[in-house]
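Reader: I'm new to this one. Can you walk me through it?

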Amino acid sequence: MSVAVPRGGRLVRSLDRPGAVALGLGLLGLGYRLVLVLLTVPGSNSDEATFGLAALHIAAGEELPVFLYGQHYMGTVQSYLAAPLFLLFGAGWVPLRIPLLLLYAAFVYLTYRLTRRLYSPWLATFTVGVLALGGERVVRDQITAVGGRPEVKPAVLGLLLIALALGQRRSRHRWWGFGLFGLLTGLCVWDDWLILPYLAVAFGVLLLGCWRELVRPAGALLVGGFLLGVAPLIVDNVTAPDGQDSISVLRQVSAGETESTPGQARLHGALLVGVPLATGLCRPERCDPVEMSWGGIYLALLLAAGTLAVRGLARPGGGEGAPAGGACDAVRATRIGYATRLALVLGAALTLAAYARSSLAGDTPLASARYLSILQISLPAVLWPLWLLARRAGRLAAGPVTRIGGILASAVLALLMVLLLGTTAHLIGEIGTIRAEERQQRELARTLQRAGVEAVYAEYWTCNRLVFVTRERVACAVLGADLRPGQDRYPAYPRRVRDAGRPAYVFEVGTPAEAAVRAHLRRSGVAARVIQVGRHRIYLPAATLRPPG
């Protein structure tokens, strides 16, 4: 990453060429996302608003939520990170997203460090270039409050780097390393269970390199750090009413999944739709055949990377990149390095397999592909076989078959970059439309406040977004298309609406819910003033009108 350069009798650390290029690409990626954060792109929604409302309550000292409102299995780390900024600058989409921007920067930096240590400097630079780009699906998972993914990805990379340093005996502060490993693991378990496969393989690397120390005081530090990190989850689950603990809730969610989804549909959704979407090669609304082909290529590369790692483990004394030092130290360091490569492969394979088992992969692959965004952790391992082949394309000593393979690998890498540039350009082209929709949401909130409305009925994707934009000056209760009660994440808001004198109704024009409101008004004989704001209509009944039933 850096080399020592003598200047004025002192040794000054200076970036080498791969490091300098990586720094430039990383800053470009960070700057691109900073602009998007300032423009509120991608657009906000009620899920993100719920994290914002939790941060608002934390900043005000009203509550210390362990899980996202309405759930018992997704932690609120993002809300706690945003709360200090809400105190300093006020609540809003930008202060809610700024901590996630910093987490993205940490993720790119740690990816570079790990890739350079395990593979090669220029692959690390190329990986930073891939991560600098980003279409809607990728950027939404990186810089919007979507729960879990933005923070657990750098945490897992940190775990792998700690395990690598401890196993290779390169860490001078070993006890701190074990404690930090346990703390990060505990925080991840509290925050997002999707990351469990990666936590398992990271612990496997630590166990391989340090098993003797784990049965000594270092193991106690590891357990202590873990218990500290996971403490919010433990306390909440111990005090939760029957059926409201995390495991019970997750069982209920799993039991509600459709079991009749064919395995072929799940595999298609996971590999040919989920992987290209999560990698950033598709637009949010569809994947073209060329983009879908990346799913098959990804699986083949994962198998190749796993094979290379296993071969390296079978010959721990040899292999590329063995560090200098005593023979035993070199063997141990090389072995831990290959084990970490294998951990990246196994983490991706287990995550992909778990997703493919879910009915979501077959039923709603476009919407649920976000659950595969953590595959970005394994990007260096997936690119490594292509990089090895491409590197040999120009070697004079290479045979014709090797050269052809290298040319094909180079073409795949080039195609990957072209597709990523395409989805990035597509998002940039949508900025105007997204900004217009955000302005409509703000105008809707202003219109309600000017009309003196403090309580409304609306559908899910309007409700909490409206509450957050108005800083809770307007309360909202969720109604479905038939005007029956919907998913209210925070019970205090529907209670306020029920207690209000004349709550308004807010629905998009032409939706079944809006038609149901008009029919309900006719049946009840209640007159209503109607205000249209963009795609939404606000119905202000002249008398108190509750939903039917």
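Predicted model: local features only at pLDDT ≥ 70, side-chain atom pairs only at ≥ 80, totals over all residues.

Author: First, the labels: helices are DSSP runs of H or I with at least four residues, strands are runs of E with at least two, and both are numbered from the N terminus.

Reader: How is Pro42 joined to Val41?

Author: By a cis peptide bond, with omega at about -5°. Most peptide bonds are trans.

Reader: What is the phi of Thr40?

Author: Near 55°, a positive value in a residue other than glycine. Thr40 lies in the loop between H1 and H2.

Reader: Is Thr40 buried or exposed?

Author: Thr40 counts as buried because its relative accessibility is 7%, and the cut-off for buried is under 20%.

Reader: On to H3. How many residues does H3 have?

Author: H3 covers residues 77-89 and has 13 residues. From first C-alpha to last, H3 reaches 19 Å, close to the 18 Å expected at 1.5 Å a residue.

Reader: Where is the kink in H3?

Author: At Ala83, shortly before the proline Pro84. The kink is about 30°.

Reader: Which residues of H3 are buried?

Author: Val77, Gln78, Ser79, Ala82, Ala83, Leu85 and Phe86.

Reader: What do they pack against?

Author: Five helices are listed here: H2 (46-59), H4 (93-118), H7 (149-167), H8 (174-191) and H20 (460-469).

Reader: And what follows H3?

Author: Gly90, with a positive phi near 90°.

Reader: Now the sheet. In what order do the strands come?

Author: S4-S3-S5-S7-S6. These five strands form an open sheet with mixed pairing. Strand S4 (475-478) and strand S6 (528-533) are at the edges, each with a single partner strand, so one side of each has no neighbour in the sheet. On average, neighbouring strands are turned by 25° against each other, direction ignored.

Reader: Do S3 and S5 run parallel or antiparallel?

Author: Parallel. Three bridges join S3 (residues 455-458) to S5 (residues 504-508). Val456 stands opposite Ala504 in S5.

Reader: How many bridges join S5 to S7?

Author: Four, and S5 and S7 run antiparallel. Phe507 has Arg537 in S7 as its bridge partner.

Reader: How many join S6 to S7?

Author: Six, and that pair runs antiparallel. Arg529 has Leu540 in S7 as its bridge partner. The hairpin of S6 and S7 has two residues between the strands, and Gly534 there takes a positive phi near 60°.

Reader: Which helix lies across S5, S6 and S7?

Author: Helix H22 (residues 512-524), which runs at about 145° to S5. S7 itself is mostly covered, with five of its six residues buried.

Reader: Last topic, confidence. What pLDDT does the chain average?

Author: The average is 91, and 92% of the residues score at least 70.

Reader: Where does pLDDT stay under 50?

Author: Over residues 320-325. For that stretch the model has eight contacts beyond four places in sequence.

Methods
Residues numbered from 1 in each chain as written. Heavy atoms only, no water. Pairing = 2+ DSSP bridges. Axes fitted to C-alpha atoms, helices over the stretch in contact; angles between N-to-C directions. Contact = heavy atoms within 4.5 Å. Buried < 20%, exposed > 50% of the residue type's maximum accessible area, 1.4 Å probe, protein only. Expected span 1.5 Å × (residues − 1). Bend = angle between axes of the 7 residues up to and from the residue. pLDDT = per-residue confidence, 0-100.
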